[in-house]
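Thanks for asking me to look this over with you. Have the sequence and the 3D view open side by side as you read.

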Amino acid sequence: MVLEAREDLVVTQATLEDWPVISRWAAEEGWNPGLSDGPAFFAQDPDGFFLGLIGGEPVSAISVVNHGAGFAFLGCYLVRPDLRGRGHGLTTWKTALVHAGSRTVGLDGVVAQQDNYRQSGFRPAHRTVRFAGAAPAAQAPAGVRPATAADLPDLIAYDALCHPADRPRFLGRWLTTQGHGTFVRRAAGSRVTGYGVLRPARDSLRIGPLFADTPEDARALFAALCAAARGQDIAVDVPETNAAGVALAEEAGLTPSFETARMYTGPVREHARERVFGVTTLELG
């Protein structure tokens with residue numbers, strides 16, 4: 001379905017079949033996308049992905065993924081390098097934002113674009129720093145184990161405490177995709193006290209989310225994720241406001257390699273920001 005045209009640019013909804021193009025562009029920007037991100041992303045909102053085309057060839061991309069009635073998240077904002085500076089990105093942006101309706105929109109903005117996002121009504125909430133390096137040697141401690149299908153309802157409920165919106169469709173794929181390692185920590189009474197996911201990406205393994213009640217819970221989950229990584233390179237996006245999360249990454253020998261700013265156009269649902277030791281994904285929040 002064609003949504004808008006500007007000169008020779010046509011903005012249209014993208015499909016999962018278009019994801020390899022978007023993912024390749026993201027990799028070329030150094031964003032290190034996950035190898036299996038597409039199906040989980042599209043599961044959340046299959047109508048939330050857009051391409052700008054010239055002569056049928058993709059030149060720009062963006063996602064505006066709706067998470068329920070009050071929240072949307074913008075990501076994958078990309079323009080082919082040889083066609084930048086011609087207004088194609090802005091046209092793609094304006095067209096796609098219509099999909100969010102009256103929802104508050106969030107994004108994780110790279111440094112070079114943050115002033116532009118401010119001009120579009122986005123306000124910074126916190127800085128997020130990507131820490132990367134070789135996974136330290138570790139063993140999964142007692143109380144942390146790989147998640148099973150029986151854990152899924154509890155993990156979805158726990159995630160809702162840590163995120164501005166419920167996202168069961170996304171998590172149904174993210175937590176169960178082949179190659180994704182999901183680990184859960186439970187208290188003695190079987191209550192979930194945190195969970196984390198390790199997934200393969202272009203340049204390293206990625207940790208996200210890493211949600212936990214306490215620094216102790218986060219440290220136990222992080223150890224299990226590092227044990228699963230077996231010395232391979234890992235990366236985790238840590239909100240700078242979570243000092244314990246920053247300390248955990250630094251103590252593991254990981255170093256800053258990339259940064260973004262979490263920004264919103266308006267208020268978001270209250271959630272346990274102190275439990276976010278690692279962001280799920282910069283593309284969907």
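The points below walk through aromatic pairs and nonpolar cores.

1. Please keep in mind that this is a predicted model. A search of the whole structure turns up 14 aromatic pairs. One to look at is Phe41 with Trp174, a stacked pair with 6.1 Å from centre to centre and 10° between the planes. This pair joins distant parts of the chain, since Phe41 sits in helix 2 (residues 37-44) and Trp174 in helix 6 (residues 168-174), 133 residues apart.

2. Now find Phe71 and Tyr264, an aromatic pair that is tilted, with 55° between the planes and 6.2 Å centre to centre. Here, too, distant parts of the chain are linked: Phe71 belongs to strand 5 (residues 71-79) and Tyr264 to strand 13 (residues 255-264), 193 residues apart. Both Phe71 and Tyr264 are buried.

3. Go back to Phe41 for a moment. Together with Trp19, Phe42, Phe49, Phe170 and Trp174, Phe41 forms one aromatic cluster.

4. Which residues have the most contacts inside the largest nonpolar core? They are Phe41 and Tyr195, in a core of 32 residues. Several elements each supply at least two residues of this core, among them helix 2, helix 6 and strand 10 (192-200). Helix 1 gives the most, with four residues.

5. A second, separate core has 27 residues, including Phe131 and Leu205.

Methods: Residues are numbered from 1 along each chain as its sequence is written. This is a predicted model: local features need pLDDT of at least 70, side-chain atom pairs count only at pLDDT 80 or more; totals for chains, interfaces and linings use all residues. Side-chain values use heavy atoms; hydrogens and water are left out. Rings of Phe, Tyr and Trp (its six-membered ring) pair if their centres lie within 6.5 Å; planes under 30 degrees apart count as stacked, over 60 as edge-to-face and the rest as tilted. Buried means under 20% relative accessible area, exposed over 50%, partly exposed in between (1.4 Å probe, protein chains only). A nonpolar core is a set of buried Ala, Val, Leu, Ile, Met, Phe, Trp, Tyr and Cys residues joined through side-chain atoms within 4.5 Å.
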